[in-house]
Amino acid sequence: MAGQPALEAEIEIEATPDEVWAAVSDVDSMKSRSPELVTMRMLGKPKEGRRSLNINRRKGFAWPTTARITRWKPPANDGGSGAFAFHVWPTNVEWSYDIEPTPSGVRVVERRTALPNPSLTVRLTARWALGGADVHDVELLDGMNATLAALKSEVETSA
């Protein structure tokens, strides 16, 4: 398996950057939006450098990952833009949410960096448990769009 490309999805939300940040940075609620995440157990209050233990699932297969927050930037600290990113092991990819103000609200971009050199464990898991990396990436992109749609619904309903 060669590497896998970066993935990206985006959505426009009619809300303030602070309202969107409140939802995006609530790591306990991520499992209610993400189709693959079962739980993300943060070891302490979320901030840059903080670690988490995560459980993911796809159909009948579940697997653990660990993560470390690499960016934690509330919008109030940067003129309305915000960012939350975490590096995941064993895949060595970064997942991120970038928040940018727009004239009508906020643009949220969810990204997964490219997976250029997956380990043997990751390659075998992708092939035998996830139906292949390409199939899983299609599902991940669909999941990213579903996650952002759920975020939009949640924030716009409560705003």
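Which residues in α1 meet which residues in α4? I started my notebook with that one.

**Ground rules**

I'm looking at a predicted model, where local features need pLDDT of at least 70, side-chain atom pairs count only at pLDDT 80 or more, and totals for chains, interfaces and linings use all residues. Residues are numbered from 1 along each chain as its sequence is written, and side-chain values use heavy atoms, with hydrogens and water left out.

**Entry 1: α1 and α4**

I looked up the helix pair. Glu19, Val20, Ala23 and Val24 in α1 meet Leu151, Glu154 and Val155 in α4. Contact here means heavy atoms within 4.5 Å. Sorted by class, this contact has 5 nonpolar, no polar and 2 charged residues. For the classes, Ala, Val, Leu, Ile, Met, Phe, Trp, Tyr, Cys and Pro are nonpolar, Asp, Glu, Lys and Arg are charged, and the others, Gly among them, are polar.

I noted that α1 covers residues 17-24 and α4 covers residues 133-158. Helices (H or I, at least four residues) and strands (E, at least two) are DSSP runs, numbered from the N terminus. The two helices pack at an angle of about 125°, and their axes are 10 Å apart. Axes are lines fitted to C-alpha atoms, for helices over the stretch in contact, and angles run from 0 to 180 degrees between N-to-C directions.

That makes α1 and α4 oblique to each other. The cut-offs: under 35 degrees is roughly parallel, over 145 roughly antiparallel, 65 to 115 roughly perpendicular, and the rest oblique. I also wrote down that α1 passes α4 in a right-handed crossing. A crossing is right-handed if the near helix is turned clockwise from the far one by less than a right angle, and left-handed if anticlockwise.

Is asparagine 54 buried or exposed? Asparagine 54 counts as buried, because its relative accessibility is 4%. Buried means under 20% relative accessible area, exposed over 50%, and partly exposed in between (1.4 Å probe, protein chains only). I found asparagine 54 in strand β3, residues 51-58. Its side chain and that of serine 52 are joined by a polar contact of 3.0 Å. A polar contact is a pair of N or O atoms within 3.5 Å; within protein, one must be able to donate a hydrogen and the other to accept it, and residues adjacent in sequence count only if both atoms are side-chain atoms. Leaving aside neighbours within four places in sequence, the contacts of asparagine 54 include Leu37, Arg41 and Trp63.

Arginine 58 also lies in β3. Arginine 58 counts as buried, at 11% relative accessibility. Which side chain does the side chain of arginine 58 make a polar contact with? I got glutamate 139, at 2.4 Å. Not counting residues up to four places away in sequence, arginine 58 touches Trp63, Val135 and His136, among others.

**Entry 2: glutamate 110 in β7**

Next I clicked on glutamate 110, which is in strand β7, residues 105-112. Glutamate 110 is buried, since its relative accessibility is 3%. Its side chain has a polar contact of 3.1 Å with the side chain of tyrosine 97. Among the contacts of glutamate 110, with neighbours within four places set aside, are Leu7, Trp95, Met144 and Leu148.

**Entry 3: two C-alpha distances**

Proline 101 sits in strand β6, residues 93-102, and is partly exposed at 40%.

Leucine 124 is in helix α3, residues 120-128, and is partly exposed at 43%.

Most residues other than glycine have a negative phi, and most peptide bonds are trans. So I looked for exceptions.

Tryptophan 89 and proline 90 are joined by a cis peptide bond, with omega about 25°. Proline 90 is in the loop between β5 (82-89) and β6. Asparagine 92 is in the loop between β5 and β6 as well, and its phi is positive, near 60°. Lysine 59 has a positive phi near 50°. I found lysine 59 in the loop between β3 and β4 (61-73), and lysine 59 is exposed, at 68%.
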